[in-house]
Amino acid sequence: MTTQAPSSNWLHTLTRPLISPRQFDFWARELGSIAAWQRVYARVTHRHQESANTLTLTLNTNRNLAPVLPGQHITVSAEINGRRISRCYSQSVPSQKKGQICITVRREPQGLMSNWLHDHATTGTVVELSQGFGDLGQRAITGSTQTGAHEIYLAAGSGITAIASLIIARAQQTPPMTGALLYWEKSEDRFCFTNHLNEVMQLHPDFRIHRICTGKLNAIDLQSPARGRISEDLLSHLTPDLDNAEVFACGGYGFIDTARSLIAPRSAMFHAEAFTPPEKHVSTPHGQATSNSSAQGKRVALTLRKSGRQLDISTEDNLLDALEAEGITAAHGCRSGICNTCSCQQLSGNSNNTVTGLDQSGHQHVRLCVSRATGAIELDL
């Protein structure tokens, strides 16, 4: 779900005959303003170190940003080393102020945007934002508060950003929360939003929070002795009320895939988003998925209608990676099939959506980052 921006205001109507939107945006930026015709610009107003490698940025936005739901994402864009770079981040702590949004960014070793935000996004820095997108927040709003079910939240690593946003917003609603959050990190110095989540437990005594380390556990008190990766035994031990609960999960694709298989026998109410794409796999003659290590993809022709180019690509590569390997830049954001930024018309041929598992034949829109060609294919690029 993508939220629509507010409609044009009276200033647009008054100035449209005198200045173009591009000129308006240019001169606003030259004068140091974040005002824009339709684009969303935001200025960093505060930095807060959440954990050893995680930073929360508070951003004041112009009036073009529509409300962003808890659990939704935005795309952040900035010019880094002469290139426009865009990356997807979840709204973190829901702001109580209009025109303000918080994002929480984990520093990744090879993360161009994450390192730039940590090192260079100081007070006053301006970035561009997309409108909010993602269905997890919408499902949460219309979910457990109406069904009255126990609420189980599962978060792994950076997945806590979207999940914490959902929990903090939900804690301000009625009825009271019952259930638990299970939150996995490699080490205790990486846990985020500790004060916010502890406040939720104080407000809702029947809601429990379990912080779980997958690596070595040090001596500090984590309010939970649990260790280990997600498993049936761990879920049974920490969530005895899982049966028929409303479950919300966010993490890497492998975590979500495992969680889905463990939850399915116990609850039909499972909602999840993965922030990494599926592992590469190809289909065997029997239609079963096989990992890269055990099978090789075939080569097929990819035709680009607008440029007239024809590429030879592998069915192992998603279409976005295949294009970039040939030096072709396509619009993209999350690279996980969530934001729809890379959506493109497939004019002919066949592809497969690696998230849903569905085949995509003939003329339809496909998301390049999570679609792989299964035969010769033509795109409107």
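**Notebook: loops, strands and a covered helix**

Looked up Asn244 first: at 57% relative accessibility it counts as exposed, since the cut-off for that is over 50%. This is a predicted model, so I keep that in mind throughout. Asn244 sits in the loop between α8 (232–238) and β10 (246–251). I checked its backbone too: phi is positive, about 65 degrees, although Asn244 is not a glycine.

Next, Phe193. Here phi is near 60 degrees, again a positive value in a residue other than glycine. I found Phe193 in the loop between β8 and α7. Buried or exposed? Phe193 is buried, with a relative accessible area of 2%.

Then I followed the chain around that loop. β8, helix α7 (residues 194–203) and β9 make a right-handed β-α-β unit. I looked at how the two strands meet: β8 (residues 179–185) pairs with β9 in the parallel sense, over seven bridges. For one contact I picked Ala180, and its bridge partner in β9 is Arg208.

How many residues of strand β9 are buried? I get six of the seven in residues 207–213, so β9 is largely enclosed by the rest of the structure.

Helix α6 (residues 160–170) came next, and 11 of its 11 residues are buried. Among them are Ile160, Ala164, Leu166 and Ile168, and the list also includes Thr161, Ser165 and Arg170.

Last stop, the loop between α6 and β8, where Pro175 lies. The peptide bond joining Thr174 and Pro175 is cis, with omega about 0 degrees.

How values were computed. Residues numbered from 1 in each chain as written. Predicted model: local features only at pLDDT ≥ 70, side-chain atom pairs only at ≥ 80, totals over all residues. Heavy atoms only, no water. Buried < 20%, exposed > 50% of the residue type's maximum accessible area, 1.4 Å probe, protein only. Helix = DSSP H or I, 4+ residues; strand = E, 2+ residues; numbered from the N terminus. Pairing = 2+ DSSP bridges. Right-handed = clockwise from strand over helix to strand, strands pointing away.
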